[in-house]
Amino acid sequence: TGLVPGLVKGLATTARTLTRPAHTHEYPDAAPELPPRSRGVIALLEENCTSCMLCARECPDWCIYIDSHKETIPATTPGGRDRQRNVLDRFAIDFSLCMYCGICVEVCPFDALFWSPQFEYAETDIRDLLHEKERLGEWMPTVPVPAALDPHAADPAELAASEKPARPPRREAPRSGAAAAAESMSAAPEPGSAPTRPVRRRDVSRSGADIHEPTTVEPPVPAEPMPEAPTEESTAEVPVERPTAEEPVTTPEPVPQEPTAVLPTREPAGAPEPEPAEEAPAPPPTRRRPSASELVRRATEVTEAAEASRREQEDGR
């Protein structure tokens, strides 16, 4: 009973597909429509290659081979220095080893490698899959034009930085009335004083922004006059009064001082008696290193004693 309904459902599905057109592409008569980001083959733009070897170093299969040499470019201006540049001699990719990972296309800093959707490069001999720069350059016209950017996407960082408006000039922070009055009073020059020169001073406000305020520098204080050189009148001797023989010189007698008594000190009752000071331990005796003659004498004594004991044992036998 369950076989007939299932068979009818299968025939109904077959009948529905019979009326639909086929989507089969008759290759090679009809070329397939591949997406623009298909990884068919790697194309080379030789003018952009600088022989930096970055793609060859990053290739996990080591299937990229690059040869180059340096050329000297003469200076364009008199007195200038000559320049050197790398000239590409060989750029080959062995597609029998390539795993189509796309690392070489991603790491190229000069946009010299591109993906092409071209895939018709099969060969009967595997050795013919090693393509040189001339063959890689032939695939460059097949590289599709990159798709347009999304209009709602954010601008690149470089473009956003170039279109960023200039920063407005900094404004001075408002100052309180008392501080402004004190500054104006200190900045006012005194009558008869030398003119002052404004100086830029760097200050930091509470918000952390730098504030440049003009300040004034006080005039230098005049130095004190130097003392005049002594003259002959000032260096003349001044008479000093000295006592004569008739007037005896009297000296004051010393005043006797009473001796001060020293009172003995008493210790409070119940105070613990001071413990006697511990004697420092005696240093350990130093051992003198025996000399060579003493070591020889001790060795001789030990040898003679061993010889005497051996003789006694032989006599006892």
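A salt bridge is counted here where a side-chain nitrogen of Lys or Arg lies within 4 Å of a carboxyl oxygen of Asp or Glu. The structure is a predicted model, in which local features need pLDDT of at least 70 and side-chain atom pairs count only at pLDDT 80 or more, while totals for chains, interfaces and linings use all residues. Residues are numbered from 1 along each chain as its sequence is written, and side-chain values use heavy atoms, with hydrogens and water left out.

Begin by selecting R127 and D125, whose side chains form a salt bridge with N to O at 3.0 Å. R127 is exposed at 66% relative accessibility, whereas D125 is partly exposed at 23%; buried means under 20% relative accessible area, exposed over 50%, and partly exposed in between, with a 1.4 Å probe and protein chains only.

Next, select E46 and K133, which meet in a salt bridge at 3.3 Å, N to O. This pair links distant parts of the chain, 87 residues apart, with E46 in the loop between β1 (41-44) and α2 (54-58) and K133 in helix α4 (residues 133-138); helices (H or I, at least four residues) and strands (E, at least two) are DSSP runs, numbered from the N terminus. E46 is partly exposed at 37%, while K133 is buried at 13% relative accessibility.

Finally, move to helix α7 (residues 292-316), where E314 and R310 are four residues apart and therefore separated by about one helical turn. Their closest N and O atoms are 2.9 Å apart in a salt bridge.
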